[in-house]
Amino acid sequence: MTLPVMEPGLDADVLRTWATEIDRGSFSSLCFGERIAFDNPDTLTLLGALAAWTERVRLVTTVVVPQLHDPVMLAKALATGDMLCGGRLTVGLGIGGRHEDYHAVGADTGTQTIRGLTDRVTTMRRVWAGEKITDSMLPVGPTPPQSGGPELHVGTTGPKTIRSAAGWADGVAGVTLDLKLDRQAELFDVARRAWADAGRRRPHLATSFWFALGTGDGPREQIHRHLRHYMNWIPTEFVDAMAPTTGWAGTEDELVETLRRFAAIGTDEVQLIPTSSDPDQLRRAAEVAAAFG
């Protein structure tokens with residue numbers, strides 16, 4: 001389950017309520033994404049809070065863009081988060097799809113590439129391995145509880161990026177807009193082959209989609225409202241055109257059946273993305289997770 005970090009009007013109580021309910025439920029992971037030029041909470045600050053608010057569930061960034069950060073400081077922050085949560089951190093990394101986030105922090109958009117991502121992962125891995133990045137007296141710590149650093153997943157929907165990440169990523173953090181199973185299965189096959197060719201163990205295969213639970217037109221309208229708010233960098237008429245077929249809307253029983261279809265193509269984890277901060281959506285989804293499990 002993903003926190004509603006991209007919804008308006010959030011405060012600490014809302015985030016804490018969602019985090020503790022997710023931790024108590026049947027969910028495998030608690031996910032939260034990054035944007036800069038938006039009104040969402042800072043991902044790394046939130047990581048510290050989530051480490052304190054939860055005890056069981058894995059904490060998953062979906063996704064952090066390393067090119068928006070100094071890689072050594074990012075490695076230190078993530079190692080600290082991993083320490084605070086007792087080694088429950090998985091880090092989804094991607095190149096990011098918005099120039100505005102790069103501009104907001106003065107990052108070079110020329111690094112918004114697969115190579116730019118890989119270079120920063122290499123630096124972070126060196127930090128987590130305890131190597132000295134400079135002639136400092138001591139290496140940059142703390143040492144993360146997970147040997148070699150947190151588990152890393154590549155956030156992408158493209159086969160080229162998946163293949164390029166086989167050398168450093170432990171899995172794939174995908175997203176599906178239209179929930180087309182054949183397309184998702186093809187990408188998972190690409191990942192399995194790429195990891196095997198690189199001599200790596202089988203990758204963790206995850207995908208995600210927006211959801212709204214309910215009956216009638218309400219759930220689809222809820223997704224539409226969310227997309228208009230979240231996809232603010234896309235012209236409204238384009239968002240309106242894609243809204244009827246983007247994400248998933250329906251009843252609990254229908255969602256269970258959808259999850260079963262994703263499991264049938266080898267999906268290890270589906271990360272649900274809420275389109276409302278209403279705790280009732282979380283409670284209903286928790287019932288689905290329990291029934292599916």
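The model is predicted, with local features requiring pLDDT of at least 70 and side-chain atom pairs counted only at pLDDT 80 or more, whereas totals for chains, interfaces and linings use all residues. Residues are numbered from 1 along each chain as its sequence is written, and side-chain values use heavy atoms, leaving out hydrogens and water.

Threonine 176 lies in the loop between strand 5 and helix 7 (181-197); helices (H or I, at least four residues) and strands (E, at least two) are DSSP runs numbered from the N terminus. The threonine 176 side chain reaches the backbone nitrogen of leucine 179 at 2.8 Å. When residues up to four places away in sequence are not counted, threonine 176 touches Gln184, Thr207, Ser208, Phe209 and Phe262 (contact: heavy atoms within 4.5 Å).

Strand 6 (residues 204-213) is largely enclosed by the rest of the structure, because 9 of its 10 residues are buried. Strand 6 pairs in the parallel sense with strand 5 (residues 171-173) over 3 bridges, where pairing requires at least two DSSP bridges between two strands. Within strand 6, leucine 205 stands opposite valine 172. Parallel pairing also joins strand 6 to strand 8 (residues 269-274), over 6 bridges, and serine 208 stands opposite glutamine 271 in strand 8. With strand 7 (residues 248-250), strand 6 forms 3 bridges, again in the parallel sense; leucine 213 has glycine 250 of strand 7 as its bridge partner.

Technical notes: Buried < 20%, exposed > 50% of the residue type's maximum accessible area, 1.4 Å probe, protein only. Polar contact = N/O pair within 3.5 Å; in protein donor to acceptor, adjacent residues only side chain to side chain.
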